[in-house]
Amino acid sequence: MERQRIGILGGTFDPVHNGHLRMGLSVLDSGYLDRLLVMPSGLPPHKTCSAPNEDRWKMIVSACACDDRLVPSRMELDRSGSTYTFDTLTSVRHEYPKADLFYVIGADTLMQLRNWHRSDEVLPLCTFLICPREDGSRPAEYLSELKRLSAKGGRFLDIPMKPLTVSSTAIRAALSAGILPDALPVPVREYCRCKGLYGYPGRLDRADLWIEQLFSSLKPGRFAHSLSVAETARKLAEIHGADPLRAEQAGLLHDCAKYIPMAEMRHIAAIHHLTDDPAILESGALLHSIVGAQVAEDRYGMTDSAVLEAIRYQYRMCRDVPPRNVRLPGRLNRTAPQQLSASGKSPGPFRTVAGTCPSAFAGRHCSICGIPRKVPSSAHAGNNPMAQRPGRIGFVKMP
Ligand code: ATP
């Protein structure tokens, strides 16, 4: 069996940014590693963190959802006392006795290596992979330090990577000035925004509760997706003159019922009389949005009917051709009886329709993007970059 090649990317990640992600992905793509443990430090000896540990952790989990080879690790976060790389490498070696170990650093960190706790003993424990920082230059003092550390037994490899000029310090400064930096991964940007981290103004009410519940009930990729959707929904609402706050909330909560077991979703649907249509009750994809609106109300305290409606109809708000057998509430049916398919089902709270964006029959504005529905769905798609993507959901998915 081939030896495993495991890398560690340590840092305060306060917050994690695209520079970190670019480092991680460049290292993985360079072929040196099979996987990279992304490890936020607990109590770093030389720094203090602005954001609480659990926020830094959740942001890392959401950022790492972009690639399976990026594996968030709580090893340092859960260790009491100061975080030392020597202890980390020793623990990882213990866990993976036969693996080749690599430690990923930015070029600036090389200059600080001599100050690390037991630095001489750290050197033989791993191979260092160095990513360029700032303009990628290697001044004389950098080269002489590299030479000195190599003479002490350190092994260093340069990673080919286009440098990205970004730091957590600059990001914290931007956020406290009310600017959402592009150099943050989308879910992290939304995380900082809705929780008002680093002094960003205008946090969402109940953000702590929602984030906590979403994080504990969704898989990491779905959690990241929900944050991304919240940002996309807010941006689309801004473009189209709808209410950005409502759009953001609907985006954040739209998948809150994902991963509720089918039996439990059916139970929720039954006790709240959401639908008795067997086609919906058989489909997790359709049922989770209807049940999601109920869950958003009951467990997340959402009372805004426009937001609940957006969650309920997420699969058919802005899509060119909604899935067959889409169900809409009876009150919408009354405005567009010609749209009803001959389902043959007895009238219930939901009926079957097919063809165009459902709000088109309602004769009102989409509660998310704000575009009047009395237009052909293709024209609507023309205004909505998301809706032009085949198989994508109108307002909720990221490109
Ligand atoms: P701060 O500004 O708070 O000091 P930071 O942006 O340097 O934070 P850290 O979490 O301290 O981020 O960095 C973890 C590791 O990532 C370090 O080895 C650092 O050198 C490296 N690093 C951070 N940003 C970049 C970047 N833009 N390019 C290359 N390496 C980076």
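**View 1. Helices H10 and H11 in contact.** In this predicted model, Ser226, Leu227, Val229, Ala230, Ala233, Arg234, Ala237 and Glu238 of helix H10 meet Pro244, Ala247, Glu248, Gly251 and Leu252 of helix H11, where contact means heavy atoms within 4.5 Å, and where helices (H or I, at least four residues) and strands (E, at least two) are DSSP runs numbered from the N terminus. Sorted by class, this contact of H10 with H11 has eight nonpolar, two polar and three charged residues; Ala, Val, Leu, Ile, Met, Phe, Trp, Tyr, Cys and Pro count as nonpolar, Asp, Glu, Lys and Arg as charged, and the others, Gly among them, as polar. The axes of H10 (residues 220-240) and H11 (residues 244-253) come within 7 Å and cross at roughly 155°, which makes H10 roughly antiparallel to H11. Axes are lines fitted to C-alpha atoms, for helices over the stretch in contact, and angles run from 0 to 180 degrees between N-to-C directions; angles under 35 degrees count as roughly parallel, over 145 as roughly antiparallel, 65 to 115 as roughly perpendicular and the rest as oblique.

Residues are numbered from 1 along each chain as its sequence is written, and side-chain values use heavy atoms, with hydrogens and water left out. Because the model is predicted, local features need pLDDT of at least 70 and side-chain atom pairs count only at pLDDT 80 or more, whereas totals for chains, interfaces and linings use all residues.

**View 2. Helices H2 and H10 in contact.** Helix H2 (residues 53-64) packs against H10 at an angle of about 95°, with the two axes 8 Å apart, and H2 and H10 are therefore roughly perpendicular to each other. Lys58, Val61 and Ser62 of H2 meet Pro220, Phe223, Ala224 and Leu227 of H10, and the residues of this contact divide into five nonpolar, one polar and one charged.

**View 3. The surroundings of the ligand.** The ligand is surrounded by 21 residues, of which the closest are Lys47, Asp108, Thr109, Ser168 and Thr169; a residue is near a molecule if one of its heavy atoms lies within 4 Å of it. A polar side-chain atom of Arg133 lies 2.9 Å from an oxygen atom of the ligand, while a polar backbone atom of Ser168 is 2.8 Å from an oxygen atom of the ligand.

**View 4. The loop that holds Pro15.** Pro15 has its place in the loop between strand S1 (5-11) and helix H1 (18-29), and the peptide bond from Asp14 to Pro15 is cis, with omega near 5°.

Key. A polar contact is a pair of N or O atoms within 3.5 Å; within protein, one must be able to donate a hydrogen and the other to accept it, and residues adjacent in sequence count only if both atoms are side-chain atoms.
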